[in-house]
Amino acid sequence: MTSTKNEHVERGPEAAGETVGAVFVGCGYAADFYGATLPNYPHIEVKGAFDVESERAASFAGEYGGRVFGDLREVLADPDVSLVVNLTPVSQHYTVTKAALLAGKHVYSEKPLASTLPEATELVELARERGLLLSSAPSTVFSQSAQTLLRAVGDGLIGKPRLVHASLDMGALAFMPYTQWRSRRGVPWPYRDEIANGCVMEHAGYQLSWLVAMFGPVVRMAAHTSLQLGGQWPEHTEVAPDISLGFLEFADGTVCRLSIGWVAPADLSLTVIGDQGTLSVGDVWQASAPVMLRRNARTSGKTNAYLGEPEQLPFVIPPARHRYDDTHDLTVGAGVADMAMAIIKGEQPFLSADFSLHVLDVSLRLSEGRGVMEDVPVRAGDDKKLAVAPAGAGTAAR
Ligand SMILES: NC(=O)c1ccc[n+]([C@@H]2O[C@H](COP(=O)([O-])OP(=O)(O)OC[C@H]3O[C@@H](n4cnc5c(N)ncnc54)[C@H](O)[C@@H]3O)[C@@H](O)[C@H]2O)c1
């Protein structure tokens, strides 16, 4: 398998008026992120919602449309439903996605695809055998910031990328008032699940998806993890490591220093350093964070300056009209929208099953933190690249 760099992907015009029937399974905290953005994407027809807590499905359908399904079997038996959007807790992803695939439904899953690599691999193979599409969040790679950064890297604005400094340090979660966090419909933030899953499984994908899209699959890596603030959580809380420091080498030779954690003060930045300058985004959780370019500049005399003044790049796609009003804007609906468009066009989504599987594989290696450099096997399809904005991704015009 070859790793094609910065492959230009064209989607072509949308088939007029075609829609994809979608049901949202799991209507908890994150479901509001999706619901609020659905009006951006008229080709997603919200058929309804199902949650084992039926009042959550009722409030989701009441707010965002469609009907309440009584159980998963009813969802899967409905011929008008083509796409299941799996927003259940991580522990349920495998079971719900597998049932949906076995019933002939395409699946867009919240991250991670599954809890273990064997389970996720089984799902990817099942989807392939059945000719179904499978994709997984995060989909922040469709944001204005990501698409602009990817285009700038692909266009060679900083020459050959060499090094990346990337962080998904959320701040010291243990000291935040997380028990009080509520979604728009008043659903509490499921902190016990989040703390048990840990910062890596919850958050690594936000940086990895951009990096793999820019530089190809990770081919070698090492990681260290540890638990530093383990004593700060409520009693009887299962706790995963709260720091992961990774060193990644990508297929095109770019290397990356990656920090993920719930200990250091918030830093969600990404800086790509090339032969001819740097490109940086201050916050990958903000769909419209400025993308800053600094070109190498000629200097003379006794100075250690070598970069020109920062220039803000114009965004290459328009903003999404309907956003979820939160501390961060994760562009979640764009992943489902891209999946629905792929169903209509009979293509693979940008975040293909193999792409999602690779991100999970690297995330698991980061969370294990074995310390030594190891090769990462590259699977067929991992070379899929997102170099430029798919026509109108993240916009109403899509
Ligand atoms: N919480 C966040 O800030 C956030 C942000 C982005 C993504 N995510 C991801 O979204 C997913 C869901 O997280 P959440 O925060 O919404 O969790 P949550 O616990 O608030 O919501 C999950 C919902 O799924 C329901 N559920 C559980 N098992 C089910 C099943 N078998 N069938 C149908 N419904 C079932 C639960 O009743 C609950 O309402 C996770 O993968 C998480 O990683 C969470």
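**Sheets first, then helices**

I started with strand S4 (residues 83-86) and strand S5 (residues 106-109), which run parallel and are joined by four bridges. Helices (H or I, at least four residues) and strands (E, at least two) are DSSP runs here, numbered from the N terminus. I picked Val 85 and looked up its bridge partner in S5, which is Tyr 108.

Housekeeping before going on: this is a predicted model, so I kept in mind that local features need pLDDT of at least 70 and side-chain atom pairs pLDDT 80 or more, while totals for chains, interfaces and linings use all residues. Residues count from 1 along each chain as its sequence is written, and side-chain values use heavy atoms, without hydrogens or water.

**Entry: the six-stranded sheet**

S4 and S5 sit in an open sheet of six strands, ordered S3-S2-S1-S4-S5-S6 with parallel pairing. Two strands pair if DSSP finds at least two bridges between them. Which strands stand at the edges? They are S3 (67-68) and S6 (134-136), each with a single partner strand, so one side of each has no neighbour in the sheet.

I checked the record too: the unreviewed UniProt entry puts "domain: Gfo/Idh/MocA-like oxidoreductase N-terminal" on residues 22-135. I note that such annotations may be inferred rather than shown by experiment, and that the positions are in the numbering used here, with feature names shortened. Over residues 22-135 I get 43% helix and 20% strand, with the end C-alpha atoms 14 Å apart.

**Entry: H4 against H5**

The axes of helix H4 (residues 90-102) and helix H5 (residues 117-130) come within 10 Å and cross at roughly 10°. That makes H4 roughly parallel to H5. Axes are lines fitted to C-alpha atoms, for helices over the stretch in contact, and angles between N-to-C directions run from 0 to 180 degrees; under 35 degrees counts as roughly parallel, over 145 as roughly antiparallel, 65 to 115 as roughly perpendicular and the rest as oblique.

For the contact (heavy atoms within 4.5 Å), I listed Tyr 94, Thr 97, Lys 98, Leu 101 and Leu 102 in H4 meeting H5 residues including Glu 119, Glu 122 and Arg 130. The contact residues divide into six nonpolar, one polar and four charged. Ala, Val, Leu, Ile, Met, Phe, Trp, Tyr, Cys and Pro count as nonpolar, Asp, Glu, Lys and Arg as charged, and the others, Gly among them, as polar.

**Entry: the nine-stranded sheet**

Next I traced an open sheet of nine strands, in the order S14-S13-S12-S11-S7-S10-S9-S8-S15, with mixed pairing. S14 (311-312) and S15 (374-375) are the edges, each with a single partner strand, so one side of each is left without a neighbour in the sheet. S8 (residues 218-226) runs antiparallel to S15, joined by two bridges. Arg 220 has Asp 375 in S15 as its bridge partner. I then saw that H7 packs on the sheet, touching S7, S9 (243-250), S10 (255-261), S11 and S12, with its direction at about 160° to that of S7.
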